[in-house]
Amino acid sequence: MPQQMQGQLPVLLVDNSNTRTKFAVSVGGSLLHDGETRCLPTRGMSAPAIRGLISGWRYGRVCISSVVADSRAALEAAFAGSPVCWVNAAACGPLFAEYAGAATLGADRVANVLAAAEYGRFPVVAVDMGTAVTFDVVGAGPRFLGGVIAPGRQMMVDALHAQTSLLPFVHAAADPLHCIGGDTVEAMQAGVRAGFVGMLENAMRGIERELGAKPFFIATGGDSPAAVQCVPGFDVLDELLTMRGIALAAERAR
């Protein structure tokens, strides 16, 4: 059970993404328990399941980053009676003031921008590799400049399977070590790997070209450990980047 620090109760942080919903706790914008997270599959998530997962965690309020509208009812029911804030660009100050699309910016991207800016290395780019891949660019100031949204690895495989009659369902995580697949499954995996790596490299080069300077690239998200092994140019792997951003958003909302 988290201890109170400087008179504050911990904040429960919720990262509600398309595939998994992750939970952690923070105090004063810093993650507790060495960044320990607990997870539930997002699809079919319920209030009883959430309460069971976080049983024993003590918190005074909740900060939620959600990109899944269908999860809202379960989250609201799970935290009924607790003060809740929802991450959004409007509540995060001048960082997003010059970005015309702030009202449509996903909460996960807002959190990533907040955490990336804390590195103090400008320009900085947060590359979040999950169900989708997002590149979020922060310039000096700091100010959010915009970004890129692309399909993730598994989404590429799903599209091949869904849009053809005979191609099977394949798990994208099984990357072949060669480029010429010996059967249909290997050929699909090789194609997705080539497309994924090529997309990352091309987007990173394009961002650097438009900025006119080498940015500080941060890799995060479920596919980031594999990506940094085969894509040059990443400066740091921070698998807790989004959760750190939610913790910072919670402090701004205090």
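Where is the place of D34? D34 sits in the loop between β3 and β4, where helices (H or I, at least four residues) and strands (E, at least two) are DSSP runs numbered from the N terminus. A word on ground rules: this is a predicted model, with local features needing pLDDT of at least 70, side-chain atom pairs counting only at pLDDT 80 or more, and totals for chains, interfaces and linings using all residues. Residues are numbered from 1 along each chain as its sequence is written, and side-chain values use heavy atoms, with hydrogens and water left out.

Most residues other than glycine have a negative phi, and most peptide bonds are trans. Here are the exceptions on the phi side:

| Residue | Phi | Relative accessible area |
|---|---|---|
| H33 | about 55° | 38%, partly exposed |
| D34 | near 55° | 82%, exposed |

Buried means under 20% relative accessible area, exposed over 50%, and partly exposed in between (1.4 Å probe, protein chains only). As for cis peptide bonds, one joins F122 and P123, with omega about -5°, and P123 is in the loop between α3 and β7. Another joins G141 and P142 at about -10°; P142 belongs to the loop between β8 and β9.

Now the inside. Leaving aside residues up to four places away in sequence, I246 touches L13, V14, D15, C63, S65, V87 and A111 (contact means heavy atoms within 4.5 Å).

On to the sheet: 5 strands make an open, mixed one in the order β9-β8-β7-β10-β11, where two strands pair if DSSP finds at least two bridges between them. β7 and β8 run antiparallel over 6 bridges, and M129 has V133 in β8 as its bridge partner.

M129 also turns up at the largest pocket, as one of the lining residues nearest its centre. That lining counts 35 residues, and α4 gives the most, with 4. A pocket, on a 1 Å grid over the protein atoms alone, is an open set of points where a 1.4 Å probe fits, with protein on both sides within 12 Å along at least five of seven lines; lining residues have an atom within 4 Å of a point.
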